[in-house]
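This report describes selected features of one protein model.

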Amino acid sequence: MVWFLGLGIGGLLLLVLSLVFDGVLEGLFDGFGALDGLLSLPVVAGFLSALGFTGALVLGTTGAGAGTATGAGAVAGIGVGWATWRFSRALLRDTGAPAPRGTDLTGSTGSVVTAVPADGYGEVLLHLAGQPVKYAARADRPVPRGTEVWVESVLSATSVLVRPVER
């Protein structure tokens, strides 16, 4: 039973090492390209831990021998290793929403922070991806501070063309 507990604890230590060194130890298995991901440290650690702890559990609770405990541990280890591999693949494949772009501002509303003169720039407060962002703003006519505006187009990365919202 000591061997099984040692394997289980060793697997947990390997998992902690893989988390602490974050990929430094991954180079040990780089030569096995066909097994990409299957021999990653979290998968190996999960396999070893499940093998060890399941083997110890079977050996300690049943009258079965070491061979049966090893077999049960190996089956559990393969299951945990496979689940870890699938979970890590799902995490790596996860793609979030695309990053917000300035062109996403066209058609949005905001408010004037600094009055916009007819022939110059003022400032407007807009919301891009839920975050308030201040932009330089131009308009075809003067727009006073506090006016709600609508973005007609994006002139540059930091400026927009606006018009007052008509209600």
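The model is predicted. Within it, arginine 101 lies in the loop between helix H3 (66-93) and strand S1 (109-114). Arginine 101 counts as exposed because its relative accessibility is 54%, and the cut-off for exposed is over 50%. Although arginine 101 and alanine 129 are separated by 28 residues in sequence, their C-alpha atoms are 9.0 Å apart in space.

Attention now turns to the strands. A barrel is closed by 5 strands, in the order S1-S2-S3-S5-S4, with mixed pairing. From one strand to the next, the twist averages 55 degrees. Strands of a sheet pair through backbone hydrogen bonds, and the pairing can be parallel or antiparallel. Strands S3 and S5 run parallel and are joined by 3 bridges. Alanine 137 has valine 160, in S5, as its bridge partner.

The elements named in this report with their residue ranges are listed here.

| Element | Residues |
|---|---|
| Helix H1 | residues 2-21 |
| Helix H2 | residues 41-61 |
| Strand S3 | residues 131-138 |
| Strand S5 | residues 159-164 |

How do the helices H1 and H2 pack, and at what angle? Their axes are 7 Å apart and form an angle of about 155 degrees. H1 is therefore roughly antiparallel to H2, as angles over 145 degrees count as such. The contact includes Phe4, Leu5 and Gly8 of H1, and Leu41, Pro42 and Gly52 of H2. By class, the contact of H1 with H2 comprises 16 nonpolar and 6 polar residues, and no charged ones. The crossing of H1 past H2 is left-handed.

Note on methods: Residues numbered from 1 in each chain as written. Predicted model: local features only at pLDDT ≥ 70, side-chain atom pairs only at ≥ 80, totals over all residues. Heavy atoms only, no water. Pairing = 2+ DSSP bridges. Helix = DSSP H or I, 4+ residues; strand = E, 2+ residues; numbered from the N terminus. Axes fitted to C-alpha atoms, helices over the stretch in contact; angles between N-to-C directions. Buried < 20%, exposed > 50% of the residue type's maximum accessible area, 1.4 Å probe, protein only. Parallel < 35°, antiparallel > 145°, perpendicular 65-115°, else oblique. Left-handed = near helix turned anticlockwise from the far one by under 90°. Contact = heavy atoms within 4.5 Å. Nonpolar A, V, L, I, M, F, W, Y, C, P; charged D, E, K, R; others polar.
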